[in-house]
Every structure is written in structure tokens, then in C-alpha cells.
Amino acid sequence: MANSNLKNALIAFAAPLPSILFNLSFLHHHRAAAAADHPLAPLWSWCYQHPSLLSNAIFFFNVDIVFWVIGLVQSCHWLIDPYWTVIPVLLAHYYATHPLLSSSYNIWRSKVVIGLTWVWSIRLTHSYFRRENWQWGAREDWRFDDMRKKYGKHWWWMSFFAVYVSQQAFLIGITLPLYIIHLVDKPWNMWDSTATAVCLAGVVIAYFADAQLHEFVTRNSELKELGKLTVPTLEKGLWKYSRHPNYFGEQLWWWGLAIFAWNLGHGWTCIGALINSMCLAYVTILVENRMLKLPYRAEAYRRYQKTTSVLIPWFKSSTEGAKDKSH
């Protein structure tokens, strides 16, 4: 187990090196684009003129292809999960340092957003590894496992699109505000302050929601080991007011980021946050259906559904209590 954990950790740290080394080479040699006799001048010129397309190309070759091959060799597509928490940080720094964009944005807005993105990333990365018992590559997302069973022998090629190409469209789309923030120069205003507050609120809510969930799962594991009855549903803390407060916090984060871009005149980038909200709504349905399939939890979870808001924290409904009194 220790050897496997070390091997997967080394793979995780080595996996993005092609992208990082290529980008560093571009930053070092991009001035060669002006020298027509330089052998790589056309390449550096294209990279300089198309920062958004370059980010997509790097993602495609390094994440879609390299990560996919690693997943096929290991028969487990775990690597995309921890990198979901890291790629937005890498993109933020990429946009901030791209030579075409480096003189066209408000430096303080950039610093604040990059700082916020680091805070978001550290929070989510910590939550991920705590859930995985601090193991690298212990398992893949349960949804990938379900698709593996569903598609059988076709999964090897379908995984390229279902796990990686789809993630590229999703991650590049949802992080478009990071590109806009480094494309437009506009003085800091009240909407930037509002966006910052929304982002911070999202991170804080998600942090406490995940911490409470972890404590609940840990306590149930201890009760199970002692041969005692486990608690079927978490209805304390933030979970008393929302069935998915962690998802709510995550939504706030991405919509806060979208406010930054909207304030800069690019409200169309909200499409990323909107699609994310739609995807999380679908994931919520999957998660709740999964809960209802567990015999020891089904009845209690149905009651929980009737009395507790699905996403936005709110006071518990008295519907169930009124029903009991009527009998």
C-alpha cells in the first residue's frame, strides 16, 4: 500500500510537467516570434497571439491524452479528481503571465482573484485527501466506476471523452472569468468587492459543510466498529438547513468568480457557472437516489428530504410535524 501510494504521488507530481515545461519555454522564447529566421518562430508567434487556444491545446495534450493513457495503464481514472482542484490555479497563473495579456489588466484585481483561487484550491484539495484518507489514487470517482461497469469493453475508449474531453470543456468554460480578469483593465469597484465577498462566503460555507460531513462519516465508522447503530442522516450544523450545503458553497464560489467577469463587461462567461449549476443539480439527483437505495438510510432520508431545503440553506419545513399532529 505504501509503495502504491508513493508511486501514485510521483505520477501526480510528474503528470503536469509537460505543460509546465512547455509554457516556461514559451515565456523564455516568445520574443523569437519576431525573428523570422528562428526555426520555432511560427510556433511561438501562434502561442503569443492565441492565449485562450493555447490553454486548450495544452489541456488537450497533457490532460486529455497523457492523463487518459495513465488511467488506461492503471485501469483507474483517479488522477483527474485531485487535478480538478489544481487546474484553475494553474490557469490563473498562466493567464497572469501570458505576454500578450500581462500589460492589459488591473494588477490588484488579478492578485485578489489569484489569492482567492489558491484559497479555494487548498480548501478543496484538503477536503479531497481527507476523504481519501490521505492516499494518492486509492480509488476513482464512483460515477466513473459505474460507467466502467455499464459500458464494459467499450469503456477504454469512451473514457477519453466521458472523463477527459468533457472535463476540458467544463473546466475551461467555468474558468473563463479568470481569462477575462486578465484581459480587461478596469479600476476596482464595488462589484469587485461584492464578488470577493461571494467567493469567500462560498469557500467558508463549503469548508464547514465538508468538515461536518467528515466528522459525521468518521463517527459512524467508529460506531460501526463498536457494533453500535449508526446515524442514518446528518442533520446538524449547516446540514440542518440544507441537504447539500457543500454544493451550495461551491456554487457561490463559481458565481462569485462570474461576477468579476460580468463587472468587466463579459457577462456571457456566466454560462460556465450556469452549466456547473445544472451539472451539480444532476449530481444531486444521483447522490440522493444513491442514498435512497441504502436500506438503513432510505426512510430517514425521505423524511429529511421533506423537511430540509435541497440546496439554499433555509429553516426546516414543519410539514412533517403538522402531518404527525393531524394523526
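## How the helices are counted

Helices here are DSSP runs of H or I with at least four residues, strands are E runs of at least two, and both are numbered from the N terminus. By that count, the chain has 15 helices and 0 strands.

You're looking at a predicted model, in which local features need pLDDT of at least 70 and side-chain atom pairs count only at pLDDT 80 or more, while totals for chains, interfaces and linings use all residues. Residues are numbered from 1 along each chain as its sequence is written, and side-chain values use heavy atoms, with hydrogens and water left out.

## The chain as a whole

Let's start with the overall picture. The C-alpha trace spans about 85 × 50 × 30 Å along its principal axes. Out of 327 residues, 43% count as buried (buried is under 20% relative accessible area, exposed is over 50%, and partly exposed is in between, using a 1.4 Å probe and protein chains only). The accessible surface, worked out by the Shrake-Rupley method with a 1.4 Å probe, comes to about 17600 Å², and 67% of that belongs to carbon and sulfur atoms.

A contact means heavy atoms within 4.5 Å. Take the contacts with a separation of 6 or more: 78% of them are between residues 24 or more positions apart. As for charge, there are 29 positive and 20 negative side chains, with Lys and Arg counted as positive, Asp and Glu as negative, and His and the chain ends not counted. The centres of the two sets lie 5 Å apart, placing each charge at NZ of Lys, CZ of Arg, CG of Asp or CD of Glu.

Helix 13 covers residues 270–292, which makes 23 residues. From its first C-alpha to its last it reaches 33 Å, close to the 33 Å expected at 1.5 Å a residue; that expected span is 1.5 Å times one less than the number of residues. Its buried residues include Gly272, Leu280, Val283 and Glu288. Among the elements covering them are helix 8 (142–151), helix 9 (155–174), helix 12 (245–263) and helix 14 (298–307).

Asparagine 276 sits in this helix too, and it counts as buried because its relative accessibility is 5%. Setting aside neighbours within four places in sequence, asparagine 276 is in contact with Phe170, Ile174, Gln251 and Trp254.

## Nonpolar cores

A nonpolar core is a set of buried Ala, Val, Leu, Ile, Met, Phe, Trp, Tyr and Cys residues joined through side-chain atoms within 4.5 Å. The largest one has 57 residues, and Phe67, Leu79, Trp253, Trp254 and Phe260 touch the most other members. Helix 9 gives the most to this core, with 8 residues. Apart from it lies another core of 6 residues, including Phe216 and Trp239.

## A few spots to look at

Alanine 57 lies in helix 4 (residues 51–74) and counts as partly exposed because its relative accessibility is 23%. Its C-alpha is 9.9 Å from that of cysteine 47, which is 10 residues away along the chain.

Most residues other than glycine have a negative phi. Serine 75, in the loop between helix 4 and helix 5 (80–84), has a positive phi near 55°. Asparagine 133 has a positive phi of about 55° as well; it is found in the loop between helix 7 (107–131) and helix 8. With a relative accessible area of 56%, asparagine 133 is exposed.
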